[in-house]
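Me: I should like to learn how to read this structure feature by feature. Please give the general idea each time, and then the case at hand.

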Amino acid sequence: MSRVVTLAARQALMEQRTFWRSAEYALFTFALPLALLLLIGSTTANGDLPGTHVEGQMIFVPSIIAFGVIVAAYVNLGAKLATLRHDGVLKRIRTTPLPASAYLAGVLGSTAATTLAITACIMAIGGFVFHAVPRASGLPEIAGGLILGVVCFGALGVALSSAARSAESAAPIANASYLPIAIMSGIFDPTFSVPRWLSAVVAVLPVRALAQILEQGYTPVEHASLADPFVLLAWTAAGCAFAAWRFRWH
Amino acid sequence: MNAIEVSALTMSYGDREVLRGVDFEVASGEVFCLLGPNGAGKTTTVEILEGFRQRTSGTVTVLGMDPQAQPTKLRERIGIVLQECGFPRQARVKELIDCWRSYYPSPRATSDLLSVVELNEDKNTQVRKLSGGQRRRLDLALALAGDPDLIFLDEPTTGFDPESRRRCWEAIENLRTLGKTVLLTTHYLDEAERLADRVAILRDGQIQVAGTVRHVARQAGVPTRISFTAPQRLRDGDLTVPAGLNVKVTGEQAVCLSACTASASVALRELLTWCAENDLGDLDDLSVITPTLEDAYLQLVAGGAR
C-alpha cells in the first residue's frame, strides 16, 4: 500500500513538472477561469442580489472557483488522458509493473495540485479586486468542496476520456457537456433563471452542487442544501463505475 | 531452463480461431525470432506471453510464471518495446528514464541505460525534440529500465534508416552478451537472420517450422546454389558434366542444381574432381550460395508448401 502511495506521489510530481513545462497549456488552463472572473466580475453590478441580503460577488467568486475545478479536473484531465491514450503513452505505462491505481492516483494528484493553484489565484483576485473574502469559519467548506469537486470531476474526466472515441473528440465533448450545465447552474450569473423543471434537473447535476458548497465558504446561504455533497459523491461513483467499465489503455 | 514455454496454445475471438495449437520454447539467453505473414497470429501470441490477453486454452509459462495469472509480477522482470508508443512529450530523457526505473524493484543504473542506447548527450533534452531514431532508442532504454531478464521487441527497426538499424542491432546483440533472453518479431528476414539464434515461422495460427536458420532452410528444401562461368568446352558441348550433378548451362553461366543443403560439400567435391580430371583449371566465378532465411521463408510461406 505504501508503495502505491510513493509511486502515485512520484507520478504526480512528474505530471506537474511536464504540466508547467508546457507553458502554453498551463497558461490557458489558468487563463480561462481567471479571465472570466475578471471580465464577468467587473460587469456584474455590485450590491445585494435581488430579494436577498447576499452580496453578488460573494456568490460569483466561489462559482468561478467551481468553474476552475471543472476546467482543470474534467475538461483538461479528460482531454489529456484521451491524448495520452491516442499517443500510446498509456499503453506504454501498461507494459510496466506500475499499478493502474498508482498511475491514476498520480494523475489525479497532479490535477488536484493544479486545481489548488487555480483556486488560490481566483481567491486572491476575488479578494483584492472584488472584496470577496471567504469567512474564516467557512474554510472547511471550501476545503471539503475542493476535495469532493476534484475527486468527482476527476472521476468524470476519466470517464469522459473513456467515452471519447478519439483524442480529437474529447475536448469538444467536454465543452459541450459542461458549459450548458454551468450556464444553467448560474455559474456566470447568479440571477440566471431557468424554468422550475430545468432547475430540478440542474439540482441533481454536480456543477451547481459544487458551486453551492463553495458558496457556503463565503457566505451562509439560507437555502443550503444538505444534499449537495451527496450529489457529488453519487456522480463520483457514476464516473468511477463508467471508467471501470470502459477505461482503455490503448 | 527455458524462458518461455508454450504448448497447445489456442486463441479464438468469437468464432474466429487465431491460434490453433501453437507450440514452441525459448531457451534462457537466446534471441528468438517469431516470423510470419500479417494476420498469422504473431501479435496475439506475443500479447498472450506479455499477459495482455487471456488465452482460450493451452499452457504458457514465461520466466516460470503464468502470464495471465501474475501479470504484474511478470512485468517486473520483462521489458517490452511496442510499435508506435508515445512519450509524455514535455518530459526530459533522463527524467523519464528515472521515472520508469521507479516502477521496478531492482532497476538498472540510469547512466548504464543512457550509455547502452547512446543518449548520454541528450539526457536533458525534452522528448519532443528528439529525432525518430533517438526516440526508438529511448523506447529501448525504457524497456530495459527494470533490468529485465526477458525482452520483447516488436518490429524494433521498422522505419529506420540503415545507420539506426545497425545501431539497434548492436544494442540487441549487446543484450545477448548480457545473457538476456530476447523475443523478436520482425518483417525483415535479414534482421532475423543476423540476430536470431533460432526462428519460428507462424502461419495460419500454427508454428510451421522452428529451429536455427539452417534448420529452417533445410526444412524448406531450398538448395544451396553452386554456380560458375561455364568453360568454353562445356558451352561447345565437347564436355559433359556427370549427370548426378545436374548442371544446367544458360548462356555463360552454369548452375549446379543438385546440391541440397545437406550434400553441398559432396556436390562441390564432385564438381572440382570433374574439373581437375578434365584439365579445366580454375572455374571462373565459382560461388557457393547457401539459402538465406528469405529464400526459405518465401518457399515456406509464399510458395505454399504446407
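**Reading the two chains**

Reply: We begin with the interface: 16 residues of chain A are in contact with 17 residues of chain B, where contact means that the C-beta atoms of two residues, placed from the backbone, lie within 7 Å. This is a predicted model, in which local features need pLDDT of at least 70 and side-chain atom pairs count only at pLDDT 80 or more, while totals for chains, interfaces and linings use all residues. Residues are numbered from 1 along each chain as its sequence is written, and chains are lettered from A and ligands numbered from 1 in the order in which they are written.

Me: Which elements give two or more residues to the side of chain A that touches chain B?

Reply: Helices (H or I, at least four residues) and strands (E, at least two) are DSSP runs, numbered from the N terminus. On the side of chain A that touches chain B, the elements giving two or more residues are helix 1 (2-21) and helix 4 (89-94) of chain A. Helix 1 of chain A supplies the largest share, 5 residues. By class, this side of chain A has 6 nonpolar, 5 polar and 5 charged residues. Ala, Val, Leu, Ile, Met, Phe, Trp, Tyr, Cys and Pro count as nonpolar, Asp, Glu, Lys and Arg as charged, and the others, Gly among them, as polar.

Me: Is A:Leu98 buried or exposed?

Reply: A residue is buried if 20 or more other C-beta atoms lie within 10 Å of its own, exposed if 12 or fewer, and partly exposed in between. A:Leu98 has 23 other C-beta atoms within 10 Å and is therefore buried. Its place is in the loop between helix 4 and helix 5 of chain A. Leaving aside residues up to four places away in sequence, A:Leu98 touches A:Leu7, A:Ile93, A:Tyr103 and B:Tyr103. A:Leu98 and A:Leu7 are 91 residues apart along the chain, and their C-alpha atoms are separated by 7.8 Å.

Me: How is a helix to be read, and which residues of helix 10 of chain A are buried?

Reply: One may start with the length, since the expected span of a helix is 1.5 Å times one less than its number of residues. Helix 10 (residues 228-246) of chain A has 19 residues and should span 27 Å; its end C-alpha atoms are 27 Å apart, which agrees. Its buried residues are A:Asp228, A:Val231, A:Leu232, A:Trp235, A:Gly239 and A:Ala243. These cover an arc of only 100° around the axis, so they are on the same side of helix 10 of chain A; the arc is that of the directions from the helix axis to the C-beta atoms. On the other side of helix 10 of chain A, A:Ala237, A:Ala241, A:Ala244 and A:Trp245 are exposed. The buried residues of helix 10 pack against helix 6 (139-163) and helix 9 (206-218) of chain A.

Me: In what order do the 6 strands of the open sheet in chain B stand?

Reply: Two strands pair if DSSP finds at least two bridges between them. The order of the 6 strands in this open sheet of chain B is 5-6-7-3-8-9, with mixed pairing. Strand 5 (78-81) and strand 9 (206-211) of chain B are the edge strands, each pairing on one side only. Neighbouring strands of the sheet are turned by 15° against each other on average, direction ignored. Within chain B, strand 6 (residues 150-154) and strand 7 (residues 181-185) run parallel and are joined by 5 bridges. B:Phe152 stands opposite B:Leu183 in strand 7 of chain B.

Me: How many residues lie between strand 1 and strand 2 of chain B in their hairpin?

Reply: There are 2 residues between these strands of chain B, and B:Gly14 in the turn has a positive phi of about 60°. Strand 1 (residues 2-13) and strand 2 (residues 16-27) of chain B run antiparallel, joined by 9 bridges. The bridge partner of B:Met11 is B:Leu19 in strand 2 of chain B.

Me: Which residue other than glycine has a phi near 55° in chain A?

Reply: A:His131 has this positive value. A:His131 lies in the loop between helix 5 (100-130) and helix 6 of chain A, and is exposed, with 12 other C-beta atoms within 10 Å.

Terms used
Axes fitted to C-alpha atoms, helices over the stretch in contact; angles between N-to-C directions.
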